[in-house]
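Dear colleague,

Please find the structure below, handed over for your study. My notes on its aromatic rings follow it.

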Amino acid sequence: MNFIIGAFKPACHISVSFSDGKSRKQVPLKKENGQTLMVPLFQSQENILGKISIEPVSGKKVEHNGIKVELLGQIEMYFDKGNFYDFTSLVRELDVPGELYERKTYPFEFSTVEMPYETYNGINVRLRYVLKVTINRGYAGSIVEYQDFVVWNYTPPPAINNSIKMEVGIEDCLHIEFEYNKSKYHLKDVIIGKIYFLLVRIKLKNMDLEIRRRESTGSGVNTHVETETLAKYELMDGAPVRGESIPIRLFLSPYELTPTYQNINNKFSVKYYLNLVLVDEEDRRYFKQQEITMFRLAETS
């Protein structure tokens, strides 16, 4: 029985370490099993280098047909689970066929890596970057180890950032104007604006401002669209009167936002909307939605 149990134990232990792992910023990454790990953060055009240690289980030797490390950028659609589309694939051969009797360490380096897309975990799609170490053993079954890392890419503030001004109303019943200070926001920004009531002939009970994320995956008849409400901010509780104005001041930093993503590798898009919701005393709901652009601004130390 002990022999059978032992047969399924890995023949060796593989560990991956980054050269600047202690000084590099770590960020949380949610895994498929729901666990959250802290992993290194990179951006496009950086060098990714470090060491891979392989240690055979005591008393065993590991015969292999070669050892390699791959840097992969992958997109996985959850309705096509298990099938990864690789948009980045780089390989470094670490060792020629042979045998391992004791711990061996291999340096690796991928220079100025093009990583155009950000790490993303959505409802129907996942984009990830991973180092994949493979000990090729042919019929014995390859031994594979994965090391995730996260990529964020930063954008300078836009040169033009127009405010949003819109009117919305129901004829002879309700007429309001709303104004937001800009149309493009960074992830730690503050939405500042005002709501003006020009005509109020229905009894309003409350008003909320929502931040909504819309994720589109696939294309054509196979397009899947999911909308989730990330934030709900109460602007008003009670009935407004004509001529009243209500200020808006919504801080974005508490919410788990990403930049706007436009047609990432022809696989998915992510858009953000400000959704104004008015509810009257008969619980009828009135909506006005406005798309905004989100971007990641480099953090100043």
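One aromatic cluster is formed by Phe18, Phe42, Phe87, Tyr117, Tyr129 and Phe149. The model is predicted, so that local features need pLDDT of at least 70 and side-chain atom pairs count only at pLDDT 80 or more, while totals for chains, interfaces and linings use all residues. Residues are numbered from 1 along each chain as its sequence is written, and side-chain values use heavy atoms, with hydrogens and water left out.

Eleven aromatic pairs are present in the structure. Rings of Phe, Tyr and Trp (its six-membered ring) pair if their centres lie within 6.5 Å; planes under 30 degrees apart are stacked, over 60 edge-to-face, and the rest tilted. The pair of Phe18 and Phe42 is tilted because the ring centres are 5.5 Å apart and the planes stand at 55°. This pair links distant parts of the chain, 24 residues apart: Phe18 belongs to strand E1 (residues 12-18) and Phe42 to strand E3 (residues 36-42). Strands here are DSSP runs (E, at least two residues), numbered from the N terminus. Phe18 and Phe42 are both buried, that is, under 20% relative accessible area with a 1.4 Å probe, protein chains only.

Phe178 and Tyr180 also form a tilted pair, since their centres lie 5.4 Å apart with the planes at 55°. Phe178 is buried, with a relative accessible area of 1%, and Tyr180 counts as buried at 0%.

Finally, the charged end of Lys267 sits over the ring of Tyr85, 4.5 Å from its centre (NZ of Lys or CZ of Arg within 6 Å of the ring centre and within 35 degrees of the ring normal). The charged end of Arg128 sits over the ring of Tyr146, 5.6 Å from its centre.

Yours sincerely

Conventions: Helices (H or I, at least four residues) and strands (E, at least two) are DSSP runs, numbered from the N terminus. Buried means under 20% relative accessible area, exposed over 50%, partly exposed in between (1.4 Å probe, protein chains only).
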